[in-house]
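The entries below keep the order in which I looked things up.

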Amino acid sequence: MINDRPTHLRVNLDALLTNYKKLRNLNPGKIGLAIVKADSYGLGSKVIADYLYKNGVRHFATATLEEALELRDVVKESMVLVLGVTNPKNVRYAVENDISLTCPSKEWFESTLKELEKIDGKLKFHIKIETGMNRIGISDEKELMEIHNLFYSEKTEFEGIFSHYSNADGEDDEYDDYQTANFNRLVELFKFKPKYIHIDNSAGVIKYSDRDDICNLSRIGIALYGCYPSSNIEKLNKLSLEPVVSLVSKVTHVKKILKGTKVGYGISYEALEDEYIATIPIGYADGLLRRAQGFKVKVGSEECEIVGRVCMDQLMVRCSENTKVGDDVVFFGEYNDQKVSIDDFAAYQNTISYEVFCCINKRVPRKYYINNMEL
């Protein structure tokens, strides 16, 4: 297959595994569950899950049943948990493929039991406890106990119970403590505890690494991919994450323009003096959005500002007379001894690294590296 554009996303699998091990070492008494939802935040879940599986990881989570099924052939003997709500009419696929589902309500559980009567096999499920995120889950004690009374079915296996921190990446612990207390109280209602109990996300894994609690599993998400959930978490200095992802390209065109020359759609940039403009083949169709205008990327070893509006397929930067066609460009990450912080890139656009990763379109090839060698 021809790939004529030099723009690509580089994924360092060595760094990925290093981050997983570092995060596990923070919580040695807990199982590490790798979050590979949303195609591993847009980085390619099948390659990433396969690599982690071959290096001993046996617990994964996705957002949807479809995502989980896509991974089954590479993570064959692993727990794969669907964190979102699955239509009860599709539980047969979970049973057939040994996928664990999230139970968000009594209504869902009752509908699921009816579907299970039609098929052979047993469904593994995790109850989602609502403790303060107010997204999905059960907070009512009566509803929880009513579900508990339905557990005694040959068709189901109560495998886990979990919740999700809403503000663990914040500056203080107050809301986390509120959620933790809610979680502990509701878990205590269950006479028989499941195999897995979990509430930590990446922020919680790092922030509360020295806290004893009732949990035995940690969900490792954005930190796995080399990003701190927030600057508050980074400032704790509990571990140094390895950068995993780099978005790079090359200069395809350079020209000199005269003072007063307009650049780009909407003529939003005008040269203040005679300048050099380089064109790079990436645009908002690739997920590099128009709001990145004004950010400074690395062209060769120089910082160059994105000028004019980002186009669908290309963008322009103001550069020096030394810039040449073929020079490397780094938008974020590390490449050829040049660095651009993903957090700086995200913050400039008033967003977070999670969204930046997920926005990179499939038109941008993903290239994977082990020991600096492309797979």
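Predicted model: local features only at pLDDT ≥ 70, side-chain atom pairs only at ≥ 80, totals over all residues.

I began with Asp 98, which is partly exposed at a relative accessible area of 37%, taking buried as under 20% relative accessible area, exposed as over 50% and partly exposed as in between, with a 1.4 Å probe and protein chains only. Residues are numbered from 1 along each chain as its sequence is written, and side-chain values use heavy atoms, with hydrogens and water left out.

I found Asp 98 in a salt bridge with Arg 72, with 4.0 Å between the closest N and O atoms; the term requires a side-chain nitrogen of Lys or Arg within 4 Å of a carboxyl oxygen of Asp or Glu. The two residues are 26 apart and link distant parts of the chain, Asp 98 lying in the loop between α5 (91-96) and β5 (101-103) and Arg 72 in the loop between α4 (65-71) and β4 (79-82). Helices (H or I, at least four residues) and strands (E, at least two) are DSSP runs numbered from the N terminus. Arg 72 counts as buried, at 10% relative accessibility.

I noted a salt bridge between Asp 313 and Arg 363, whose closest N and O atoms are 2.9 Å apart. This pair also links distant parts of the chain, 50 residues apart, from the loop between β16 (302-307) and β17 (315-319) to the loop between α12 (353-359) and β20 (366-370). Salt bridges with shared partners join Arg 5, Asp 286, Asp 313 and Arg 363 into one network. The search of the whole structure gave me 25 salt bridges.

Entry 4, a pair within a helix. I looked up Lys 54 and Asp 50, whose side chains meet in a salt bridge at 3.0 Å, N to O. They are four residues apart in helix α3 (residues 45-54), and therefore separated by about one helical turn. Lys 54 is exposed at 63% relative accessibility, whereas Asp 50 is partly exposed at 21%.

Which residues of α8 are buried? I listed Asp 176, Gln 179, Thr 180, Asn 182, Phe 183, Leu 186 and Val 187.
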